[in-house]
Amino acid sequence: MSAGTVDARVRALLGDTGVKNADAPTESARGLPNVAYTEPRWLDLERTTVFWSNWLFVAAAAELSEPGSLLPVEFAGMPLLLVRDGEGMVRGYHNVCRHRGAVLVDAPCTRSSIVCPYHRWSYGLDGSLRNRPHYLGPDLHDRVDGRGGPDVDLVPVRTETWNGCVFVNPSGDAPGLDQWLKPVTDRILQYDLSVLRWIGKLTFEVAANWKLVYENYMEGYHVFSLHPRLLRHAPMKVRWSGEWRDRGFYNDYVAPALTQGRGGALPHFPGLDDVDSRRGLWFLRFPQFAAEVFADQLSILASRPVAPDRTIEEIHLFVVGDEAATDPSFSELRAELTEMWRELNGEDVEVLERLQRGRGSPAHDGGRFSPAWEGPTHEFARILLQEMTGQESKLRKLV
């Protein structure tokens, strides 16, 4: 699909509402119209443009704990399969059999091969076709044993791992992962991420569009209203709006003091000074890799769209060092950290679902932005349209 065709389809879906004065100051701009949150055709365009061409966070490498670990992941209608092969490398494939297109694996498991439940075609952990039972007739089995070739082997998905985080790039043509992450990783150089250890994840099913998750995540305006514990840790007076740079959003604050769950009890990253020990920072690499860093942890927020009004949201928790991750003496603190994130995100989910229901009202015209707090939310909408159309200069004409 050409950029011009995509551009025309986006314009057709935007209709007369569009994005009000996309280049206008934040205080007089409008957000994305309702169709961007409710229309399946819009999500389909996001899948084939934004998600297809970027790196997507899909799992923690620790979820594939041993050779033969298989982890199915669905992203915006794309069934994917992560595999840890016999050499310990994490690989990615499209999770469909090359015979009739059945989904191969529908739950995490550990296997020495990948077998389709329909006709028992089997594949090695390297994705190569191994055997087709009765393919040539009754009891005439086709033992290919890795000699099948690209027409019958599993279709690979470009996969890379960064500090225990697994990413896929469906199109295969994004920059290298380290380069792609650079707009945000350059802002967190004081943290030695190699010491992080995964301790688990929280999963939420949210009846809201994936974009609402990140629009809410970026702005600190709602903290005073929704998050009493977070407000006690870092009051509004230490907060600011954050900023975008090269498709990477960054925000931070320095809290008055450490509190439990945010640097107060678990071991810290090595070498942090007093200010960085009290710093909380969060970032988003467009489109969906978001993380928060405190002195004692990295938490990743990653959402996978399922439908225009349904999102799977995961929070992956990493702590500093093997002792913090495994020692029984820290088990209560790990449990308290997990529960803190469950409570905090739960406070957001109810509002996200209210926002989604509001997108069904013709009275909602994109809303208004606070110039003090929501400039980054405004910019998120601009970046989305830029990536969907691939023609940044034409955004100025969208109305």
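Modeller: What follows is a walk through some charged pairs, with a stop at a nearby topic on the way. Bear in mind that this is a predicted model, where local features need pLDDT of at least 70 and side-chain atom pairs count only at pLDDT 80 or more, while totals for chains, interfaces and linings use all residues. Residues are numbered from 1 along each chain as its sequence is written, and side-chain values use heavy atoms, with hydrogens and water left out.

Side chains of opposite charge can pair when their charged atoms come close. I call it a salt bridge when a side-chain nitrogen of Lys or Arg sits within 4 Å of a carboxyl oxygen of Asp or Glu. By that rule the structure holds 23 of them.

Take Asp142 and Arg132, whose closest N and O atoms are 2.5 Å apart. Their bridge links distant parts of the chain, running from strand β9 (Asp142) to strand β8 (Arg132), 10 residues apart. (Strands are DSSP runs of E, at least two residues, and helices are runs of H or I, at least four, numbered from the N terminus.) Both Asp142 and Arg132 are buried, where buried means under 20% relative accessible area, exposed means over 50% and partly exposed is in between, using a 1.4 Å probe and protein chains only.

The loop between β8 (129-132) and β9 (142-143) is where you'll find Leu136. Leu136 counts as exposed because its relative accessibility is 55%.

Next up, Arg279 and Asp252 meet in a salt bridge with an N to O distance of 2.8 Å. Here Arg279 belongs to strand β15 (residues 279-285) and Asp252 to strand β14 (residues 248-254), so you're looking at a link between distant parts of the chain, 27 residues apart. Arg279 and Asp252 are both buried.

Now for Asp322 and Arg197, which pair up at 2.6 Å, N to O. Asp322 lies in helix α9 (residues 322-326) and Arg197 in strand β12 (residues 196-206), so this pair ties together parts that are 125 residues apart in sequence. Asp322 counts as partly exposed because its relative accessibility is 47%, and Arg197 is partly exposed too, at 30%.

Finally, there's a network of salt bridges to find on screen: it links Glu63, Lys201, Arg304 and Glu314.
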